[in-house]
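Thanks, everyone, for making the time this morning.

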Amino acid sequence: MKTFYSPTHLEHAPPEEFEGGRMNPAVEVPARALGVLAEVERRRLGPVLPPAEFGAEPIARVHDAGLVGFLSQASELWRKRYGEDAPPAIPSAWPARGLRSRPDGDVETRIGNYAFDTATPIVKGTWRAALAAANTALSAAEALANGERGTFALARPPGHHASSDVFGGYCYLNNIAIAAQWLVERGLRPAILDVDYHHGNGTQSIFYRRADVFFASLHGDPSFAYPHFLGFADECGEGDGDGANLNLPLAMYTDWRAYASALTLAFSRINAFAPDVLLVSLGLDTFEADPISKFSLGTKDYLRLGEIIGGARLPTLFVFEGGYNLTALPEITVNVLEGFEGG
Ligand code: SP5
Ligand code: ZN
């Protein structure tokens, strides 16, 4: 399997995130992708290729121009305001209910307008890394469109929490949505399967009113899990998209048995949609020892996850999302990819 990877992700390395009422060490760190890259090479999964440059257009097809403009300038504006050695940019006020959306204004106004949490800091290299991640997903999508059976976008920062005009959840641009839209414009019919522990609220929102992209997500029930405000079972799509969205919120400590039965249900709906390409938001934070999540999947379960995905017999693009146990992450990630190839 071809892996697409850009070292530009290394430029996005915020030291801390604001969570639990304080600054904590960041969990979405460069070592995540470096560890997976080393394991891809160690197990000889296939060639590791640099992404091509797709330019601004495929991003503009998914994201609001105001968000893109802000993200591209945010660090510079922040450092102009708070000094060259300022800490990472984090919002402190948002247009919650009763307040006005304000896409223009000073950096504090704009960062609050476009962010939905405090755990997604912007540093000097964030924008370049986010662009490289989107190009990584697009390159892997292009290889798939050119006839590969499976491709892996080792993208960082992740993407599935970013909607058209809001960033958060360690995500700035929605890599998998950008790839899905690019494939739609080449006449393909994508289904997205999101197996990250956290609901892919951004991806869901982007396609919620559309019938041409199916979205299915297995995740920690938002009644206890981040992102808290989306991902419930009654969200089925709207308008043209009614019936093209499937949420399967799962209980705390979900193990392989319960997970596999939800996966079977997801694939029955995906198959009924009759996609010609499958895109997987590959989060590995369902692991039993993930530091921020509460599922109970074991190392070997990821081989079976890959086998089941491979059993769908669809050209498949894997896009890297979350997963924060740095010790296990390389092995469990490549287990999915090898399971797919054998399945
Ligand atoms: C891509 C992705 O996986 N994003 C996840 C973002 C989650 N951010 C906040 C998580 C809060 C979890 N709180 C657990 C406290 C453990 N110290
Ligand atoms: Zn996650």
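Asp196 is buried, with a relative accessibility of 1%, and Asp285 is likewise counted as buried, at 0%. Please keep in mind that we are looking at a predicted model.

Let me turn now to the aromatic rings. How many aromatic pairs does a search of the whole structure find? The search gives 12, and I will take two of them in some detail. In one, Trp78 and Tyr82 have ring centres 4.7 Å apart and planes at 50 degrees, so the pair is classed as tilted. Both residues belong to helix α3 (residues 65-82), where, being 4 residues apart, they are separated by about one helical turn. Trp78 is buried at 8% relative accessibility, while Tyr82, at 37%, is partly exposed.

The other pair is edge-to-face: Tyr259 and Phe295 lie 6.4 Å from centre to centre, with 75 degrees between their planes. This pair links distant parts of the chain, since Tyr259 is in helix α8 (residues 256-273) and Phe295 is in the loop between β9 and α9, 36 residues apart. Tyr259 is buried, with a relative accessible area of 0%, and Phe295 is buried too, at 2%. Ring pairs also join Tyr259 and Phe295 with Tyr197 and Trp256 in a cluster.

Two arginines deserve a mention alongside the rings. The charged end of Arg186 sits over the ring of Trp182, 3.9 Å from the ring centre, and Arg189 lies over the face of Phe273, at 3.8 Å from the centre of that ring.

Finally, a word on the cysteines. How many disulfides are counted in this model? The count is 0, taking a disulfide as a pair of cysteine sulfur atoms within 2.5 Å. As for individual cysteines, Cys171 is buried at 0% relative accessible area, whereas Cys236 is partly exposed at 33%.

How values were computed. Residues numbered from 1 in each chain as written. Chains lettered and ligands numbered in written order. Predicted model: local features only at pLDDT ≥ 70, side-chain atom pairs only at ≥ 80, totals over all residues. Heavy atoms only, no water. Buried < 20%, exposed > 50% of the residue type's maximum accessible area, 1.4 Å probe, protein only. Phe/Tyr/Trp six-rings, centres within 6.5 Å; stacked < 30°, edge-to-face > 60°. Helix = DSSP H or I, 4+ residues; strand = E, 2+ residues; numbered from the N terminus. Lys NZ or Arg CZ within 6 Å of the ring centre and 35° of its normal.
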